[in-house]
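Me: I would like to learn how to read a fold, its sheet, its cores and its pocket from a model. Could you take me through one case?

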Amino acid sequence: MTAVRPKKALGQHFLTDLSVAQRIAATVSDCAGMPVLEVGPGMGVLTQFLLEAGHDVTVAEIDTESVAYLREHFPALDGHIIEGDFLQMDLRKMFHGRQFAVIGNYPYNISSQIFFKVLDNKDLIPVCSGMLQREVAERLAAPPGTKARGILSVLLQAWYRVDYLFTVSEHVFNPPPKVKSGVIRMTRRDDVTDLGCDPALFRRVVKTTFGQRRKTIRNSIKGVTGAAALPASSLLALRPEQLSVEQFIKLTNLAASVCNGRQDNAL
């Protein structure tokens, strides 16, 4: 079978530099004995190095042409190719409840959705790495006080250590994307088993405040607490990108106390 034709609708940009692929594969080198799920393998440029390293590799691929190519060129994947949309897959059934690593050259157009799905399955995924649009990669790793910091920065960093590893030129792809790419690695913070606040409210607070990121927390948090009076707090004078995960936890507990007080007063 000839090479797979990149499809714009699927956001396909096939990596052609084998040295870059080898470096990306090495980001899960410490996951020996753990299944590795590769998202969007395309023609297997990353897959080959994962297999050579001895990983137990399963691939998830939505493109039927790529699936046919993988079956022809990678017999070692027999029984380990899942054809379909990763975003629709039940990851809890993937490896019979075992923990696994996730890796991929992620399609730019769905990369944020992929990381939200990883977050929703964080108890199963101790390591997630791979390549995505540089701007998004920098956002995921952005520390407090930087403009790149956003919703996913905080939500992921609450549970994972996120490291930006290296930048990849747009000229090592077919077809070349219009932007550079970045490679990251997320390692679950096993010292964090509980945030110390309501996790659903934490997510709501983060999303609400970043949804009005030009406002101070005092004004944007009203989307959660309503018109109830807020207690004095230095956090309220800040903007969301300035807050650390720990400060967002404090803010969540503050919002919870206001909401609970409002509910108590209504009784």
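What follows is a dialogue that goes from the whole chain to single residues.

Me: What should I know about the origin of this model and its numbering before reading it?

Reply: This is a predicted model, in which local features need pLDDT of at least 70 and side-chain atom pairs count only at pLDDT 80 or more, whereas totals for chains, interfaces and linings use all residues. Residues are numbered from 1 along each chain as its sequence is written, and side-chain values use heavy atoms, with hydrogens and water left out.

Me: How many helices and strands are there in the protein?

Reply: Helices (H or I, at least four residues) and strands (E, at least two) are DSSP runs, numbered from the N terminus. By that reading there are ten helices and nine strands in the protein, and the C-alpha trace spans about 70 × 40 × 30 Å along its principal axes.

Me: In what order do the strands of the open sheet come?

Reply: Two strands pair if DSSP finds at least two bridges between them. Here seven strands form an open sheet in the order β4-β3-β2-β5-β6-β9-β7, with mixed pairing. The edge strands, each pairing on one side only, are β4 (81–83) and β7 (160–168). Axes are lines fitted to C-alpha atoms, for helices over the stretch in contact, and angles run from 0 to 180 degrees between N-to-C directions; neighbouring strands of this sheet are turned by 20° against each other on average, direction ignored.

Me: What does it mean to call a residue buried, and how many residues of β9 are buried?

Reply: Buried means under 20% relative accessible area, exposed over 50%, and partly exposed in between (1.4 Å probe, protein chains only). Of the 267 residues of the protein, 50% count as buried, and in β9 eight of its eight residues are buried. From this strand S181, V183, R185 and T187 point one way and G182, I184, M186 and R188 the other way, all of them buried.

Me: Which helices lie on the sheet strands?

Reply: Contact means heavy atoms within 4.5 Å. Helix α3 (residues 64–73) lies across β3 (57–61) and β4, running at about 165° to β4. Helix α5 (residues 134–141) packs on the sheet and touches β6 (127–133), β7 and β9 (181–188), its direction making about 140° with that of β6.

Me: How many residues does the largest nonpolar core have?

Reply: A nonpolar core is a set of buried Ala, Val, Leu, Ile, Met, Phe, Trp, Tyr and Cys residues joined through side-chain atoms within 4.5 Å. The largest one has 56 residues, and those with the most contacts inside it are F115, I125, L140, M186, F202, F248 and L251. Helix α10 (residues 245–266) gives the most to this core, with nine residues. A second, separate core of 28 residues includes I24, F49, L70 and V168.

Me: Which residues lie closest to the centre of the largest pocket?

Reply: Of the 33 residues that line the largest pocket, the closest to its centre are G11, Q12, G40, N105 and P107. On a 1 Å grid over the protein atoms alone, a pocket is an open set of points where a 1.4 Å probe fits, with protein on both sides within 12 Å along at least five of seven lines, and lining residues have an atom within 4 Å of a point.

Me: Are V36 and Q242 buried or partly exposed?

Reply: V36 is buried, with a relative accessible area of 0%, and is in contact with residues including L50, V57 and I103. Q242, placed in the loop between α9 (222–225) and α10, is partly exposed, with a relative accessible area of 38%. Leaving aside neighbours within four places in sequence, Q242 is in contact with P144, G145 and Q247.
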